[in-house]
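Grab a pencil and take a look at the protein below. Try each exercise yourself before you read its solution.

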Amino acid sequence: MAHRLLVNVIFTGASVFGRAFTEAYKQAAKASAAGAAGRPTKTASAGGIQVDEAMKILDLEKSELSMDKIDEKYNYLFDVNSKEKGNSFYLQSKIFYAMDTLKKELEYLEKLQNEKSEAAK
């Protein structure tokens, strides 16, 4: 009798877990499809830093966004936060990924601008 009750509890638990897992999977698939539809198709940085956050990290404004300015801020902040000077590798990583994100963003915007100018010809 006890084994029958135990088997019944296990099967009931497995079916509840299965339904919950299926529902969670459906919700995750729906959320990722909705998120992908709203984003541009460019690739993201390996660090996963958003453009706004990268601009804050490097202390840049949209109006002054250029490769020279990015390199200038990157070199200064990377040097100031070096491990040799007693600062952290974590901050250097954030600075690197911010620079990487902004350079990719500039390349992406340049590519879009070139495609628009070619389409206008």
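**Exercise 1: the overall build**

The protein has 4 helices and 0 strands, and keep in mind that this is a predicted model. Work out the order of its elements from the N terminus, and how much of the chain is buried.

*Solution.* Start at the N terminus and walk along: the elements run α-α-α-α. Next, look at burial: of the 121 residues, 19% count as buried. Finally, check the surface: the protein exposes about 9500 Å², with carbon and sulfur atoms supplying 58% of that area.

**Exercise 2: how two helices pair up**

Decide how H3 and H4 are oriented relative to each other.

*Solution.* First, get the geometry: the axes of H3 and H4 come within 10 Å and cross at roughly 175°. Now apply the cut-off: angles over 145 degrees count as roughly antiparallel, so that is how H3 and H4 lie to each other. Then see who makes the contact: H3 brings residues including Ile70, Tyr74 and Phe78, while Ile95, Phe96 and Leu102 are among those from H4. Last, sort the contact residues by class: you get 10 nonpolar, 1 polar and 3 charged.

Key. Residues are numbered from 1 along each chain as its sequence is written. This is a predicted model: local features need pLDDT of at least 70, side-chain atom pairs count only at pLDDT 80 or more; totals for chains, interfaces and linings use all residues. Side-chain values use heavy atoms; hydrogens and water are left out. Buried means under 20% relative accessible area, exposed over 50%, partly exposed in between (1.4 Å probe, protein chains only). Accessible areas come from the Shrake-Rupley method with a 1.4 Å probe; for residues, only the protein chains shown count as cover. Axes are lines fitted to C-alpha atoms, for helices over the stretch in contact, and angles run from 0 to 180 degrees between N-to-C directions. Angles under 35 degrees count as roughly parallel, over 145 as roughly antiparallel, 65 to 115 as roughly perpendicular and the rest as oblique. Contact means heavy atoms within 4.5 Å. Ala, Val, Leu, Ile, Met, Phe, Trp, Tyr, Cys and Pro count as nonpolar, Asp, Glu, Lys and Arg as charged, and the others, Gly among them, as polar.
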